[in-house]
Amino acid sequence: MDVKATAKTVRVTPRKARLVLDNVRGKSVEEALAILKFTPNEAARAVEKVVKSAAANAVHNNQLDESKLYIKSCYADCGVVMKRFMPRAKGNAAQILKRTSHITVVVSDER
């Protein structure tokens, strides 16, 4: 059975989140959490929370065994983009894009 958890509008760029997600895709939940704990990246904290949430959803809502869970799929989509402006030379302005992500993790107990 597949169980999903999503974190919306996480303040990390999707490109950086995908680098972290590639490290844990296909791993067991316990192994993924160990990898994320020692990954020195802000995106790893957000992914760790989503993996824990997906595992908790599977255990409490669907009565699955936590030791058999693995990450079936995980992906980061683009969220809203906050647009800010910074003054530049000669009265110009440069646009700064502050990107956000929607991080989704799907866990399953069947290989």
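**Ground rules**

I am working from a predicted model, in which local features need pLDDT of at least 70 and side-chain atom pairs count only at pLDDT 80 or more, while totals for chains, interfaces and linings use all residues. I number residues from 1 along each chain as its sequence is written, and my side-chain values use heavy atoms, with hydrogens and water left out.

I placed Glu 48 in helix H3. Helices here are DSSP runs of H or I with at least four residues, strands are runs of E with at least two, and both are numbered from the N terminus. I then listed what Glu 48 touches, taking contact as heavy atoms within 4.5 Å. With neighbours within four places in sequence set aside, Glu 48 is in contact with Leu 33 and Leu 36.

Next I checked the charges. Side chains of opposite charge can pair when their charged atoms come close. My rule for a salt bridge is a side-chain nitrogen of Lys or Arg within 4 Å of a carboxyl oxygen of Asp or Glu. I found the side chains of Arg 45 and Glu 48 in a salt bridge, at 3.7 Å from N to O. Arg 45 and Glu 48 are separated by about one helical turn, because they are 3 residues apart in helix H3. Arg 45 counts as partly exposed because its relative accessibility is 31%.

Glu 48 also forms a salt bridge with Lys 52, where the closest N and O atoms are 3.8 Å apart. Both residues lie in helix H3, 4 residues apart, which is about one turn of the helix. I noted Lys 52 as partly exposed, with a relative accessible area of 46%. Salt bridges with shared partners join Arg 45, Glu 48 and Lys 52 into one network.

**Entry: the other salt bridge I checked**

How many salt bridges does the rule give? I count 4 salt bridges. One of them joins the side chains of Asp 22 and Arg 25, at 2.8 Å from N to O. Asp 22 is partly exposed, at a relative accessible area of 47%. Arg 25 is partly exposed as well, at 38%.

**Entry: Ser 28 and Val 29**

I found Ser 28 in the loop between helix H1 (14–24) and helix H2 (29–37). Ser 28 counts as buried because its relative accessibility is 18%. Not counting residues up to four places away in sequence, Ser 28 touches Leu 69, Tyr 70 and Arg 111.

Val 29 belongs to helix H2. I have Val 29 down as buried, with a relative accessible area of 3%. Which residues does Val 29 contact, leaving aside its neighbours within four places in sequence? They are Val 51, Ala 55, Leu 69, Tyr 70 and Val 107. I also looked up the spacing of Val 29 and Val 51: they are 22 residues apart in sequence, and their C-alpha atoms are 7.3 Å apart in space.

**Entry: positive phi**

I noted Gln 63 for a positive phi of about 50°, although it is not a glycine. Gln 63 sits in the loop between helix H3 (42–62) and strand E2 (70–87). At 61% relative accessibility, Gln 63 counts as exposed.

Lys 90 is not a glycine, yet has a positive phi of about 60°. I traced Lys 90 to the loop between E2 and E3. Lys 90 is exposed, with a relative accessible area of 84%.

**Entry: positive patch**

Which residues form the positive surface patch? I listed Arg 11, Lys 16, Arg 84 and Lys 98. Patches take residues with over 30% relative accessible area and no salt bridge, joining like charges within 9 Å and nonpolar side chains (Val, Leu, Ile, Met, Phe, Trp, Tyr) within 5 Å. Lys and Arg count as positive, Asp and Glu as negative, and His and the chain ends are not counted. I placed Lys 98 in strand E3 (residues 93–108). Lys 98 counts as partly exposed because its relative accessibility is 32%.

Key. Areas by Shrake-Rupley, 256 points an atom, 1.4 Å probe, with all protein chains shown as cover. Charge placed at Lys NZ, Arg CZ, Asp CG, Glu CD. Buried < 20%, exposed > 50% of the residue type's maximum accessible area, 1.4 Å probe, protein only.
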